[in-house]
Amino acid sequence: MPIADTSRLPSIREPRPIRFLLVAGTLLYLGAFIFLPLVQVLVMALSKGWKVYAAAIVEPDALSAIWLTLGVAAVTVPLNTVFGVALAWAIAKNPCRGRRLIATLVDLPFSVSPVIAGLLFVLLFGRQGWFQPWLEQHDIHVIFAFPGLVLATLFVTSPFVARELIPLMESQGHEEEDAARLLGASGWRTFWSVTLPNIKWGLIYGVILCNARAMGEFGAVSVVSGHIRGRTNTLPLHVEALFNEYNFAAANAVASLLACLALVTLVVRAAAEWRVRQQRAAAERNRDEH
Amino acid sequence: MSIEVRNVSKSYGRFQVLRDVNLDVNTGELMALLGPSGCGKTTLLRVIAGLETPDTGTIRTHGEDATSRPVRERKVGFVFQHYALFRHMTVFENIAFGLRVRARADRPPETEITKRVRALLDLIQLDWLAAHYPDQLSGGQRQRVALARALATEPRVLLLDEPFGALDARVRTELRRWLRRRHADLGVTSLFVTHDQEEAIEVADRIVVMNAGRIEQIGSPAEVYENPSSAFICRFLGHVNLWPDAVDAPGQVRLVRPHDCELLRADPGMGALAITVKAVRPAGPLVRIEMQTPGQVDFLEADLPRETADRLNPVVGETLYARPRRIRVYPS
């Protein structure tokens, strides 16, 4: 039976002035820090008309930045999805020693400054780096090239999927997996038929967050990119370059693309949540019929 | 012999859960593993299923050593206390799962799978719920689906972990009577864990009583109830009074079941206890009298048949004489 909505009872509600103050404060905060900058980006982007806006986006350097950003995301997001699922599975479904330590290490990329992370890869793969002799021998370029961008982005975005899934998987326990194995399913089959469907929406949400960060990452990528226009500048780096040239209309035009990505992320997330609510509601309706 | 457990011990860190357990379950019997929480009964069940590994000892099912065999090859049916149904699959798909995951060579054709699932849905009387999801079912319905799912692969051994534990009293009684009636037709050897002595007595052919990782007694419900081998079992199976003793008998516990207690108006002498009536509670066919002896804090209980109670008509506060028909004496 659903629990009655107690927030409507006058005995539980806060007095009117306090409610007004809290709601107004929240709206003001959201408006000032989220809505206003978004509007500002769009207004600035279109300040010199649609033609300038379009030109800033189809210009070769901008197009190359778009493709590069999509390319980096296309490599890092699948890798971090697989890594995140595997890690969450290992931590949440296996009561092994040291799992708390691993769970803490997962968060490391969040606690390290992205710039430091970028520097780390320069120290490993750069001119004076550890792997330089071997890389030179095989003519592989990591720093100031695509692999470096991928490595830096991988590091920075690695926690998103795992962090989303670990609490979810821990709350679900491993009884369903045990049941599947007792019924004769292999580990692989159990994962695909039982574990994965149960974490589907959490996984989708984690991937969305991971993708948003992969495309929007600035600090780590900035260190390893080398800022070669048309070659190693991702979208955020391209925005910075345009901004530094006082080309505000173009900078904001390209930035509006990233803002669009954020909006798309929000829409997909809302759709995912709506979908879950629909399923729940359908389940409740069916139950009420009987 | 369907299940043979030999010298099985297991500990978690310094806590020993199972101490040298030996158990035989006969083919086709319905056996209850009874004990207080933390006595190791669930661990023993999980060891037999292969969900836990014993530190020492062996498990044999149908004469084959299963100790080191992986869970999926043991072919035991297992029913979890909280059902563990696959939440994203319909009732039909839940029951069909065990058949669908078989290797192509052993997998029955789709028509056969449908037929078998339908038959099981009939058996659990839930055919009208085939297309529903687990979260649309009541607890009793879920548990029946879990049972059907475990039976779908036609296991010869069925293990049930507190199968009725999460259900309300009425559904629990219904479901365990249903299981009792159906068990003979199923042709499966079953071992179920419970902490409810009434459930064990009502359902099982034989009862295994466990305490602190050891098996204390194995026997039919009547044997275990009538001749408990220890004070622990006597106390665990049904109500019992710790009988105060007039004669000094150090190192002994004297236990009297409430229904073995006779109440008299006149002092019959030898062995009778003067008591004060504290409460009279009619409970179905019996009337429970709560009483106290001078100098004792704990209440004693006597269960009288309704007729006897009516004839005696005890009044709260009056003094009567309690005489045990049967005293069980154990070393303390």
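**Aromatic pairs and nonpolar cores**

Student: Which residues do ring pairs link into a cluster?

Tutor: In this predicted model, A:Phe121, A:Phe125, A:Phe131 and A:Phe155 are joined into a cluster by ring pairs.

Student: Is A:Trp50 buried or exposed?

Tutor: A:Trp50 is exposed, with a relative accessible area of 64%, whereas A:Tyr53 counts as buried at 15%.

Student: What about A:Phe110 and A:Phe160?

Tutor: They also form an edge-to-face pair, 5.1 Å centre to centre and with 75 degrees between the planes. This pair links distant parts of the chain, as A:Phe110 lies in helix H5 (residues 108-111) and A:Phe160 in helix H9 (residues 159-172), 50 residues apart.

Student: Switching to the largest nonpolar core, which residues touch the most other members?

Tutor: Of its 47 residues, those touching the most other members are B:Ile95, B:Leu121, B:Val145, B:Leu147, B:Leu158 and B:Ile207. Helix H4 (residues 139-151) of chain B gives the most to this core, with six residues.

Student: What is B:Leu147 in contact with?

Tutor: Leaving aside neighbours within four places in sequence, B:Leu147 is in contact with B:Val79, B:Leu158, B:Leu160, B:Trp178 and B:Leu179.

Terms used: Residues numbered from 1 in each chain as written. Chains lettered and ligands numbered in written order. Predicted model: local features only at pLDDT ≥ 70, side-chain atom pairs only at ≥ 80, totals over all residues. Heavy atoms only, no water. Core = buried A, V, L, I, M, F, W, Y, C linked by side-chain atoms within 4.5 Å. Buried < 20%, exposed > 50% of the residue type's maximum accessible area, 1.4 Å probe, protein only. Helix = DSSP H or I, 4+ residues; strand = E, 2+ residues; numbered from the N terminus. Contact = heavy atoms within 4.5 Å. Phe/Tyr/Trp six-rings, centres within 6.5 Å; stacked < 30°, edge-to-face > 60°.
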